Structures are given as structure tokens and as C-alpha cells.
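Please look through the sequence and the coordinates before reading on.

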Amino acid sequence: MALGDSEGHGRARSARVLAQKVDKRSLWALVPLLQDSFFLARREAALALKKLDWQPKSDKGRIAFLIALEEWSEVIDLGAKAVPYLVKLLCEKHEPTAKAIVSTLQKIGEPAIRPLCRIATGSDEKASKRALKLLVELHDERAIPAFLVNLESARVSLRLVALRGLNKVVSAKCKEPLIGLLENEREASVLRSLYSVLAHHNFMFEDTLKGLLKSKKGSGFLAERCFRVFEAMGEKGRSHLEELSNGNFEERAKAALETLDRVASGSAILID
């Protein structure tokens, strides 16, 4: 029997064979498969156990059994108890099962936030990205540290998801990392997303941006990035641009104001 087979399909076949025997002596081999890393091995083991009228004797066993059977509504009813078992499966390779796990965690909601934050800052990129996307949907301030950690990721996709999260929840602790990203980011798609975040939370960043423009740093590419943020603010950025049009950045500020005028008249759109 290939229950130790490194291939998940082999373990799933073994569970299927044991199910056909309808022999309760198979329980010792089937129960551990409920927590297998391969979805089909978990499912076949659960179906075999169900055929044997097996009943879990602990919460741990019941949760693993329900997840393996993909009885998601019952898993949701278990709430916080199910979260540790679900987050371990965020690296699931089978996409339909992965989507169901993500959906289940989203419906459980608040109890999942802290465990998701731990996964979001872990080393498994696939699990991190799924956890981050879930945290974006849950938009809870406790996720901010996880978003900030991922702003420093070498992966563009993780930086983009982190910015999506910070577009929904932000705090004073975000100010320095986001301005640092404005100064140092090289990826155009990340910059576009960053402009949107800074513009959306304009009340927190407008004075800092004007301060940058008036400082020694406020020249060249950084000045251009600050103006892009003011443009992204739309009409909320107009007063700042009018103020800047009377100083050292007269030409650039007037160009930004003309852009806003064209947007207001419907003859142009701001590129997100």
C-alpha cells in the first residue's frame, strides 16, 4: 500500500482501495490522510472514513474531516476553531479547493486576521499572496503591519497587493514607509498604485509632499512624483497646485492645473 508515496495521487489511490475493502482495520492508515497536503488524498480518505461510519472524537478530527469532505458551510459554523487548519492550506495547489478555502476564511472573518497576518509575512509566496488578498477584503487595521512588510518585498505582485490593502486602511505608522516608497520605487505599476493610495489618503500626506518639494530632495524625479500625486487627488489637489504655481514649480504646477481643468471639462482623464 502506497500511503507513504511522495506523490499525492498515489496516496489518493491507496485511500480509494482501502475504501473498497470496508474494513475498520484501515482506520489507522486513513485518519492521518485527512491532513494530507494533497486535496485528493484528503478527500478520498474522508470518503473512505465516511463509508466506514467513522466519527471523529475530537474537534481537531472533526475539523480535518469536514475540510477534507469540503463541507464548507459546516466549517464556517465552527468559526475560530477552524482557522488554524484552514490557513495551513493556503498553499493548496488545486485552484478550486484553494478558492473555497479563501472564501471560507473570508466568511469566518475577524478570527482569521491574526493568523492570516502571520502567513502573509511568511516565506511561501503563494500562501502569502492569498493571505494578503484576503486581508485586503477584510480591511482591518490589524493587517497594516503585514501590508508594510510586503511593501519591502522583492516581488512586484506582493507590493501591489499590499498597496491595495493600504488604500483601504492606513495609519500614522504608514507615513514614513509610503513616502520612502515614493522616493525609491522603480516599478511603474507600483508607482501608479502608490499615487492612488497617497491621493486617497490626501489628508495624511499633502503637507509632507509640499514639504518634500520645498526641501533639497524636491527636484527631478521626486518632484515629478509629488506632482503626480497632486494630480491624482483631482479637485482636492487644486489648492495645493495653485499654491505651488506661485513658487519655484510654477511651470509644472500650471501644467498640472491645466490637466485638472481638462479632466473637469471631460476632455481628458487621469491615468490611474
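In which helix is Leu 116 found? Leu 116 is found in helix 8, which covers residues 113–120, in what should be read throughout as a predicted model. The relative accessible area of Leu 116 is 0%, and Leu 116 therefore counts as buried, since the term applies under 20%. Leaving aside residues up to four places away in sequence, Leu 116 touches Val 87, Leu 90, Leu 105, Ala 131, Leu 134, Leu 135 and Leu 138. Leu 86 lies 30 residues from Leu 116 along the chain, and the C-alpha atoms of the two are separated by 9.9 Å.

**Other helical residues**

Leu 194 has its place in helix 13, residues 188–200, and with a relative accessibility of 0% Leu 194 is also classed as buried. Once residues up to four places away in sequence are set aside, the contacts of Leu 194 are with Leu 163, Leu 178, Leu 181 and Leu 182. Ala 41, in helix 3 (residues 39–51), is buried as well, at 0% relative accessibility.

Is Asn 202 buried or exposed? Asn 202 is buried, because its relative accessible area of 12% falls under the 20% limit. Asn 202 belongs to helix 14, which spans residues 202–214, and, not counting residues up to four places away in sequence, Asn 202 touches Met 233 and Lys 236. Ala 255, by contrast, lies in helix 17 (residues 250–265) and counts as partly exposed, with a relative accessibility of 33%.

| Pair | Separation in sequence | C-alpha to C-alpha distance |
|---|---|---|
| Leu 116 and Leu 86 | 30 residues | 9.9 Å |
| Leu 194 and Leu 166 | 28 residues | 9.4 Å |
| Ala 255 and Leu 241 | 14 residues | 9.5 Å |
| Ala 41 and Leu 30 | eleven residues | 9.4 Å |

Most residues other than glycine have a negative phi. Which value does phi take at Glu 70? Phi of Glu 70 is near 60 degrees, a positive value in a residue that is not glycine. Glu 70 is found in the loop between helix 4 (59–69) and helix 5 (72–78), and at 24% relative accessibility Glu 70 counts as partly exposed, because that value lies between the 20% and 50% limits.

His 139 likewise has a positive phi, near 25 degrees. His 139 sits in the loop that runs between helix 9 (125–138) and helix 10, and its relative accessible area of 46% places His 139 in the partly exposed class.

**The fold and its confidence**

How many helices and strands does the secondary structure of the protein come to? The secondary structure comes to 17 helices and zero strands. Of the 272 residues of the protein, 50% count as buried, and the accessible surface comes to about 14,200 Å², with 51% of that area belonging to carbon and sulfur atoms. Among contacts with a separation of 6 or more, 57% are accounted for by residues 24 or more positions apart.

The mean pLDDT of the protein is 85, and 85% of the residues score at least 70. Where is confidence lowest and where is it highest? Confidence is lowest in helix 1 (residues 8–21), where the mean is 57, and highest in helix 10 (residues 144–151), where it is 96. Over residues 1–6 the pLDDT is below 50, and this stretch has 16 contacts in the model beyond near neighbours in sequence.

**The largest pocket**

About 360 Å³ of space lies in the largest pocket. Which residues of the lining are closest to the centre of this pocket? Of the 15 residues that line the largest pocket, those closest to its centre are Asp 36, Ser 37, Phe 38, Arg 42 and Leu 89. Taken by class, the lining of the largest pocket has seven nonpolar residues, together with five charged and three polar ones.

Conventions: Residues are numbered from 1 along each chain as its sequence is written. This is a predicted model: local features need pLDDT of at least 70, side-chain atom pairs count only at pLDDT 80 or more; totals for chains, interfaces and linings use all residues. Side-chain values use heavy atoms; hydrogens and water are left out. On a 1 Å grid over the protein atoms alone, a cavity is a set of points where a 1.4 Å probe fits but cannot get out, and a pocket is an open set with protein on both sides within 12 Å along at least five of seven lines; lining residues have an atom within 4 Å of a point. Grid points are joined across faces, edges and corners, and a volume is the space filled by probe spheres set on the points. Ala, Val, Leu, Ile, Met, Phe, Trp, Tyr, Cys and Pro count as nonpolar, Asp, Glu, Lys and Arg as charged, and the others, Gly among them, as polar. Helices (H or I, at least four residues) and strands (E, at least two) are DSSP runs, numbered from the N terminus. Buried means under 20% relative accessible area, exposed over 50%, partly exposed in between (1.4 Å probe, protein chains only). Contact means heavy atoms within 4.5 Å. Accessible areas come from the Shrake-Rupley method with a 1.4 Å probe; for residues, only the protein chains shown count as cover. pLDDT is the predictor's confidence in each residue, from 0 to 100.
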